[in-house]
Amino acid sequence: MSAEFDPTSVDLDSVDAAQVICYLNRGENDYNGQLGARISALFVILICSSAATFFPVIASRVRWIRVNIYIYLFARYFGAGVIVATAFIHLLDPAYDEIGPASCVGMTGHWADYSWCPAIVLTSIMGIFLMDFAAERYVDNKYGFAHNHQNVEDIITDHPGQDDEVAAGKSRSLTHNQLHSGDQDDAMHAAITSAQRQKDTPARSKKENESYNSDPENGKTSQTPSITEMEERSFQQQIAAFLILEFGVIFHSVIIGLNLGTTGDEFSTLYPVLVFHQSFEGLGIGARMSAIPFPKRYNWLPWFLCAGYGLTTPIAIAIGLGLRTTYNAGSFTANVVSGVLDALSAGILIYTGLVELLARDFLFNPDLTRSRNRLTFMIICVLLGAALMALLGKWA
């Protein structure tokens, strides 16, 4: 801001709009004490967010735990709604406030030459798309085909996701186009399923099957891809997208923790809101992680990722408390860093939430249940998660 600017004497016809905006949006250190409550927030958020994150993973990996199918569906799809709402309400909107065209940063220097906030979001989305596409091609080239998702409901619930058709012995390994073709009579279903299986069988697997497909008198038995191979294939396809999702959420959590450790009069409102905020996000992270079949050599990874999310905000709060008398969340530099991170994270979560979580689960999922009650429940969970997270955006 120019040293010549005098806020007590402003000529609106000649004043530089950037000077006015920067003056109105200037920040100061707002810390006002309440150190004990801030320290308690560190532990409360650690416990609540970690518990919400670990629960779906424990349910999927501890074999004697079997949760009701609707409890798992609630965690999974409520979390999907939370992720989508976080992208738009908690990341995209603050990014515009921090580096958008109407902000102090967006009206200063080269930041004013272009609308950088949506450009960063677009770059982030395109980058995640290319990484996701590369992962798909890698799995396709290595294993012969992609899009093989293990039915996690059968693993962690006491009511596996089978509808009447499956119970009657009908496979539902149909593509998105086939599901929407209307050709669902028994004969057509059997023909399509057979063709799909032939298409999805890798060339080398076909050869392997042929080599083992002799009569029992010779002591040979037919062989299909092992469970280990299927898990490895599914893991490699899904883990990259999940890591991107978690890193996007973690970036956001760092900013949240810093602000909670240094904020002023808003602390009493932010404290309970952020407990729910981080717990809801943790539930979404954990539910998505529970659907990934981690190979045995990576048995430690889900626990590490859960702990990483649970510890991020408390560590950021601790850092904020260490800087509580000097950190200025409204400074130009803080706005640039926070705005860029929020824009990057918004792009990550927009792509992940809409493509990986909603589109793949509801539109392009050949194993989507045909139970109207279950589908209705899943949609309600998504909407509820998005609505509650959007409501929290009023305060945080």
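**Aromatic contacts and a disulfide**

Phe235, Phe294, Tyr298, Trp300 and Phe304 form one aromatic cluster. The model is predicted: local features need pLDDT of at least 70, side-chain atom pairs count only at pLDDT 80 or more, and totals for chains, interfaces and linings use all residues. Residues are numbered from 1 along each chain as its sequence is written, and side-chain values use heavy atoms, leaving out hydrogens and water.

Rings of Phe, Tyr and Trp (its six-membered ring) pair if their centres lie within 6.5 Å; planes under 30 degrees apart are stacked, over 60 edge-to-face, and the rest tilted. By this rule there are 13 aromatic pairs. One of them is stacked, Phe74 with Phe78, because the centres are 5.0 Å apart and the planes at 25°. Phe78 counts as buried at 2% relative accessibility, whereas Phe74, at 31%, is partly exposed (buried is under 20% relative accessible area, exposed over 50%, partly exposed in between; 1.4 Å probe, protein chains only). Phe276 and Phe280 make a tilted pair, 6.1 Å centre to centre with 50° between the planes.

Two arginines hold a charge over a ring (CZ of Arg, or NZ of Lys, within 6 Å of the ring centre and within 35 degrees of the ring normal): Arg38 over Phe267, 4.6 Å from its centre, and Arg374 over Tyr70, 5.9 Å from its centre.

The whole structure has one disulfide (cysteine sulfur atoms within 2.5 Å). Cys22 and Cys104 are joined with an S to S distance of 1.9 Å. The torsion about their S-S bond is about 95°, so the disulfide is right-handed. Both Cys22 and Cys104 are buried.
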